[in-house]
Amino acid sequence: LHHMVLHMTLGTAQPMIRLDVAPVRAPMDTEITVRILNASPGGQVTVTARSIDAAGQEWQSAATFIADESGTVDLRRDPPRPGSSYTGIDPMGLVWSMRPAGAPNPQAARERLAPQQLLLVAQADGTSPATAEVSRQLVPDGLTRTEVGERGLVGVLYRPADNRPLPAVLMLGGAEGGLHEDAAALLAAHGYVVLALAYYGMPGLPQTLTDIPVEYFGTALSYLSDQAGIAAGQIAVHGVSKGGEAALLIGSIFPAIRAVVSVVGGGLVTQGISQDVETGSLLEILRTPVANWTYQGRELPYLPNVVTPRMEAAVAAGGPVSLGWAAPDLSRADKVAEAAIAVERIAGPVLLISGADDQTYGPAFQEAAAQRLAAARHPHPFRHIVHEGAGHLIAYVGYRPTTQSVFPGPGVPFQYGGTPAADAAAGLATWRETLRFLDEALHS
């Protein structure tokens with residue numbers, strides 16, 4: 001009997017592993033701390049991550065770790081074992097390394113801006129699994145949201161709910177034409193009034209990216225200036241991709257802009273898009289030179305695309321294609337000079353960010369702006385940051401999966417370049433650098 005009691009005592013003395021995760025509710029751009037406690041010293045622990053996106057697509061990752069002498073695993077300190085979803089020490093590696101699992105489930109779809117749930121499960125031999133769930137917010141707590149439809153504008157305004165005077169940011173998306181509401185909300189949570197502005201492709205706006213009046217953006221700036229609670233004279237513009245081109249253009253025309261951020265954009269005006277990007281023919285779009293922007297009733301000079309045989313062959317084969325295979329010709333100095341944005345007129349600092357492996361037009365278009373600023377001895381700070389190994393998708397804000405770089409395009413899939421690890425690191429660095437830049441430009 002004595003031996004039986006001793007055996008039972010020893011059998012129940014093994015502590016259960018525990019997941020220590022913080023915070024359990026946080027914005028998408030917040031780093032999550034993950035620790036596993038009470039594991040066997042030197043034992044293996046596998047952590048899986050699971051999330052379902054707004055379309056009902058499940059994403060999964062897994063990594064195995066060795067517990068230290070106290071039975072602890074800390075993702076801020078410990079690299080995963082070979083065969084895991086990611087390599088190296090990375091506290092958010094389980095998030096960016098997630099991959100699609102199965103087909104999307106329409107019944108699991110949710111409202112696009114609803115919080116995204118991240119389920120973490122830790123499993124060690126001989127113990128029951130430990131679980132934790134994190135609610136990740138695309139729209140952080142403490143913000144007010146206002147739909148903007150006046151003055152012909154189509155946008156959404158986010159701001160902290162306390163109504164103290166704050167700097168404002170005009171935020172522009174890319175050639176998809178939509179509103180980057182999630183990025184606007186995440187930025188607003190850092191102390192800004194942010195207007196996410198659509199400029200084509202939505203009701204009440206031009207339906208193709210053709211002849212968009214630059215004055216439309218001037219109207220948006222006037223709207224922002226008229227809002228109560230805007231710090232006087234403190235307005236920046238932030239744009240990604242085609243919106244980055246627009247941001248530099250707007251900054252060069254409207255002196256109300258005090259700082260410009262262009263992420264994977266460019267300092268040269270490129271041609272517009274003549275058809276619906278959802279249903280149009282890619283080769284027809286590329287071969288139809290149309291002006292993207294107008295100002296004071298005139299079309300602004302632009303660089304037309306040059307469709308290469310490589311692009312034609314890739315389209316014929318069904319893709320994926322790189323938009324860089326039809327990039328404008330930069331060897332024509334006269335045409336480049338005509339299409340160059342007068343970035344030296346921007347009345348404040350400029351931040352340019354590119355991915356070295358961007359498979360759209362690439363860093364050369366941003367570098368054109370940097371070189372022009374340098375040649376003009378721009379009196380305000382400016383930087384062009386190029387992230388090695390990273391592609392076009394570093395513009396996404398917040399910790400997200402970066403394992404996909406091929407997405408549907410007009411008729412054929414597009415490839416955007418970059419590796420998952422490089423895109424994850426560059427996306428994080430881009431967001432942190434943007435926050436630092438705006439803070440110095442608008443809060444100091």
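Visitor: Which helix is Val95 in?
Guide: In this predicted model, Val95 sits in helix H2, which covers residues 93-96.

Visitor: Is Val95 buried or exposed?
Guide: Val95 has a relative accessible area of 4%. The cut-off for buried is under 20%, so Val95 counts as buried.

Visitor: What is Val95 in contact with, leaving aside its neighbours within four places in sequence?
Guide: Leu118, Arg136, Tyr399, Arg400 and Pro401.

Visitor: How many residues apart along the chain are Val95 and Arg400?
Guide: They are 305 residues apart along the chain, and 6.1 Å separates their C-alpha atoms.

Visitor: Changing topic. Which residues does a cis peptide bond join, with omega about -10 degrees?
Guide: That bond joins Ala22 and Pro23. Pro23 is in the loop between strand E1 (18-22) and strand E2 (25-27).

Visitor: And where omega is about 5 degrees?
Guide: There the cis peptide bond joins Gly319 and Pro320. Pro320 belongs to the loop that runs between helix H7 (309-316) and helix H8 (333-339).

Visitor: What is the phi of Ser241?
Guide: Ser241 is not a glycine, yet its phi is positive, near 60 degrees. Ser241 lies in the loop between strand E15 (230-240) and helix H5 (242-253).

Visitor: What about Val264, and where does it lie?
Guide: Val264 has a positive phi too, about 45 degrees, and is not a glycine. Its loop is the one between strand E16 (257-263) and helix H6 (282-287).

Visitor: Is Val264 buried or exposed?
Guide: Buried, because its relative accessibility is 6%.

Conventions: Residues numbered from 1 in each chain as written. Predicted model: local features only at pLDDT ≥ 70, side-chain atom pairs only at ≥ 80, totals over all residues. Heavy atoms only, no water. Helix = DSSP H or I, 4+ residues; strand = E, 2+ residues; numbered from the N terminus. Buried < 20%, exposed > 50% of the residue type's maximum accessible area, 1.4 Å probe, protein only. Contact = heavy atoms within 4.5 Å.
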